[in-house]
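Reader: Can you walk me through this fold? Keep it quick.
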Amino acid sequence: MKATTKIFGCIADPINHVKAPSLFTSEFVRRNIDAIMIPINTSKENLKDVIAGLRKIRNFCGLTVTIPHKIDIIKYCDKVELEANQTGAVNWVKFNNNMLIGNNFDGLGFIAGLKKSNIVLSNKSICIFGAGGSGMAISFALLKYNIKELKIVNRDKVKAEKLVKRLQNFFPAARIKIEELNDPDISDSDIIINATSIGLKGNEGIPFKLIKTKKNCIIADIIMDPEETLLIKEAKRLKKQVHLGKYMLENQIDLAGKYFQLW
Ligand code: NDP
């Protein structure tokens, strides 16, 4: 580290689970970039003061933002980019000459991962489980790729309905349907995405019946811990193509590096 080292932060509460500081700092070292990412553990109550303090640090260049700050941080941004505006959540903030610009790479990171795996979206029927922050960001990103249809399944149906309304505001011509949680029709889906917390360490389970999916349906999970969820293991056992959660974060790192003009 030098006197000129650029500082980035990862802001969260709790902080124990975050992987971004170690992943980013390793990437800076690998690419010989004079920068570091530090974990910043702060509560919702103190977010305003922390952001005001960070603004005053001349070599503080940006933040990645996670639970519970993704929505609240918008209040402290001077500007938000399209993806953050659509989703109403920010997970990256660029500090640019005392101007804070919010962005959201959750959806774009997920799509970039699919593209690298040569998974085509155009004209595909896609079903997403989960209408939380990630489910929303991925849904917005999917609709930019000329897909045939988007089905949304969520435990809280009102939340799913709100998401459909929000999506339809930006994409009035898109075909979007809500499926019932207890018996969703997933028989015609080409790609099914798990964007719920089901499968996470401590919340083990499988969000839908793989037996009801068509033979060549691709199964994607966004959970990273464990790297292979029960859903992914079972899909592999049934010889289906799978897509792991780690690709979403890896591709966000790539997008964020470009956004901050680090590479
Ligand atoms: P949110 O809290 O915003 O949303 C959680 C979603 O999971 C909601 O749709 C919720 O449904 C659903 N859910 C949770 N528990 C259950 C359950 N027992 N049964 C049915 N549905 C359930 O979280 P995020 O969207 O931010 O994150 C979701 C997952 O994605 C997390 O596991 C996280 O680890 C992972 N993630 C991965 C990233 C990556 O880069 N790979 C990036 C960000 C997140 P309801 O609305 O009904 O509560």
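Author: Here is a short tour, starting with how to read the model.
Author: This is a predicted model, so local features need pLDDT of at least 70, side-chain atom pairs count only at pLDDT 80 or more, and totals for chains, interfaces and linings use all residues. Residues are numbered from 1 along each chain as its sequence is written, and side-chain values use heavy atoms, leaving out hydrogens and water.

Reader: How many helices and strands in the protein chain?
Author: Eight helices and 12 strands. These are DSSP runs, numbered from the N terminus: helices are H or I, at least four residues, and strands are E, at least two.

Reader: What strand order does the open sheet of six have?
Author: The order is β2-β1-β3-β5-β6-β4, with mixed pairing. Two strands pair if DSSP finds at least two bridges between them.

Reader: Which strands stand at the edges?
Author: β2 (35–41) and β4 (79–80). Each has a single partner strand, so one side of each lacks a neighbour in the sheet.

Reader: And what packs on the sheet?
Author: Helix α2 (residues 47–55) does, touching β1, β2, β3, β5 (92–96) and β6 (99–103). Contact means heavy atoms within 4.5 Å. The direction of α2 makes about 150° with that of β3. Axes are lines fitted to C-alpha atoms, for helices over the stretch in contact, and angles run from 0 to 180 degrees between N-to-C directions.

Reader: In which sense do β1 and β3 pair?
Author: Parallel, over five bridges, between β1 (residues 6–12) and β3 (residues 60–65). I11 has V65 in β3 as its bridge partner.

Reader: New topic. What are the spans of the C-alpha trace?
Author: About 60 × 35 × 35 Å along the principal axes of the protein chain.
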